[in-house]
Amino acid sequence: MAAPDNYENDAAGLVAKGRAGDNAEPLSVSQLSAILKRTVEDRFGFVRLRGELSGVKRAASGHLYCSLKDEKAVIDGVMWRGSTQRLAFAPEDGLEVIATGKLTTYPGRSKYQIVIESLELAGEGALLALLEKLRQRLGAEGLFDPARKRALPFLPRTIGVVTSPTGAVIRDILHRLADRFPSHVVVWPVLVQGQGAAEQVAAAVRGFSDLPPGGPVPRPDIVIVARGGGSIEDLWSFNEEIVVRAIAECTIPVISAVGHETDTTLADYAADRRAPTPTAAAEIAVPVRADLAATLHDFTGRQRRAIARPVALGRERLAARADRLPRIEALLQPQAQKLDELTDRLRRGLADRAANGREALGRLRLTDAVLTRTLRDARQRFAQARLSPQLVENRVLRERERLSALERLHISLNPRAPLARGFVLIRGESGQLIRTRTDAGGETRLSIEFADGTLDVAPVDGAVPPAPPPSSQAKPKRRTTRSVAPEQPPVQDDLFGGA
């Protein structure tokens, strides 16, 4: 509708004036912004937008600010703190998402934006892209490094299980453990899917790790994080960064048993060992008790055979060497034969000597004249003998030297001579010498002989009797030596009375 000519003329004025028939008052900027806000919110009260996230940032208040864009346009978005707490993933730049909310305006900047109530990934491809991006970021920090993975204990006493207490997973694990090797199991019940599942799983892993040894709740030797199979969305809680970091920082070896054999989560990369199924996790955690018993039985048999083998070999070697030794009869036969010969010779010699003596005695005539002559000849030989003093002195000197040598030998071999130098003799109750500590341990009382007397003591925890008075002390007796006439070799009488 064309404006009247006079309106155009009036519009050129400096001061705004009312026009005849005009009932439209001028609007303020705030009024126009409010009208636009109501119009946009009424028309677009519920919209779903698909686009790529850009410029994602979280304010200190907890609100989330971002932009949604495609190839040709960009729209700002805001998500209030209450809605961000229900997010199932962490929004990042570059993710393709579907945002659900309503359009509104922001009068302060004359902009329109979408207030996001829920945010979802746009298809499984976007979810896998987010998963790969998170895996690369955590892998760059070294959380998936094979060098940091620890060996599992061979025979754990206590096994901690982080899973749902009502599912079939815990029953499968308990049944498999009972079949293989019954163990003490501590279950930490958690949600394994949905809102808050990741936080509960991470808290359970950290709770097991913080248990003190010897506390009221036994500290597990191994932790199993388990869940049944499902889609990637069902298993997403085990891809959360909080769960991955909790598993990587756990001080107890962790087995990840999430999903079926083809399912893979980031928890599998962070764990010390991955099991294809929860049942396989129980098989990995403990050995088979029957196999261990069979192995121990085999080791026992091998030990016995190893112990008996040297004995058997020794017996064989001893028997072989004994067979090579000559028999006692063979060794003694020549000497026995020689003894028989000497015995026979001795018997014949004695018989011959006796026969010769009888013959000589038969020829001898013991008359008074013979005896008188023999006595006279003996007196003459005795009278002619000259006993020189030098011969006697030499004999005495030799005997004296021999006696001195015996005295020195006696002093050197005297067992009481070292007593003067501080040594002692220890005897038991029966008077025998005690030479070792083992012999002394079997005695109830000991007698210690010093150079100046004897002291009775008890070897272990016994009371030591007081020392006897000096008058009763046994004084060492001094052995006196006396000259002993040297033994003269026996002289056989002459049967014939000859010299």
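Student: Which helix holds both Asp344 and Arg347?
Tutor: This is a predicted model. Asp344 and Arg347 sit three residues apart, about one turn of the helix. Their side chains form a salt bridge, with the closest N and O atoms 3.5 Å apart. The helix that holds both is H11, residues 328–363.

Student: Is Arg347 buried or exposed?
Tutor: The cut-off for exposed is over 50% relative accessible area. Arg347 has 52% relative accessibility. So Arg347 counts as exposed.

Student: Which residue meets Glu399 in a salt bridge?
Tutor: Look in helix H13, residues 389–413. The bridge spans 3.6 Å, N to O. The partner is Arg395.

Student: How many salt bridges does the structure hold?
Tutor: Some are linked in a network, made of Arg137, Glu141, Glu241 and Arg245. For the structure, the count is 16.

Student: What kind of aromatic pair do Phe144 and Tyr269 form?
Tutor: The count comes to two aromatic pairs. In the pair of Phe144 and Tyr269, the centres are 5.5 Å apart, with 40° between the planes. Stacked needs under 30 degrees and edge-to-face over 60, so the pair is tilted.

Student: How many residues apart in sequence are the parts tied by Phe144 and Tyr269?
Tutor: Phe144 lies in the loop between helix H4 and strand S6. Tyr269 lies in helix H8. So the pair ties together parts whose separation in sequence is 125 residues.

Student: What is the angle between the planes of Trp188 and Phe208?
Tutor: Trp188 and Phe208 form an aromatic pair, 5.2 Å centre to centre. Trp188 lies in strand S7 and Phe208 in helix H6, so the pair ties together parts 20 residues apart in sequence. The pair is edge-to-face, and the angle is 75°.

Student: Is Phe208 buried or exposed?
Tutor: Buried means under 20% relative accessible area. Phe208 has 1%, so Phe208 is buried.

Student: Which charge, positive or negative, marks the surface patch with Arg321?
Tutor: Arg321 is found in helix H10. At 57% relative accessibility, Arg321 counts as exposed. Arg321 gathers with Arg309, Arg317 and Arg324, and the charge of their patch is positive.

Terms used. Residues are numbered from 1 along each chain as its sequence is written. This is a predicted model: local features need pLDDT of at least 70, side-chain atom pairs count only at pLDDT 80 or more; totals for chains, interfaces and linings use all residues. Side-chain values use heavy atoms; hydrogens and water are left out. Patches are made of residues with over 30% relative accessible area and no salt bridge: like charges are joined within 9 Å, nonpolar side chains (Val, Leu, Ile, Met, Phe, Trp, Tyr) within 5 Å. Accessible areas come from the Shrake-Rupley method with a 1.4 Å probe; for residues, only the protein chains shown count as cover. A salt bridge is a side-chain nitrogen of Lys or Arg within 4 Å of a carboxyl oxygen of Asp or Glu. Lys and Arg count as positive and Asp and Glu as negative; His and the chain ends are not counted. The place of a charge is taken as NZ of Lys, CZ of Arg, CG of Asp or CD of Glu. Helices (H or I, at least four residues) and strands (E, at least two) are DSSP runs, numbered from the N terminus. Buried means under 20% relative accessible area, exposed over 50%, partly exposed in between (1.4 Å probe, protein chains only). Rings of Phe, Tyr and Trp (its six-membered ring) pair if their centres lie within 6.5 Å; planes under 30 degrees apart count as stacked, over 60 as edge-to-face and the rest as tilted.
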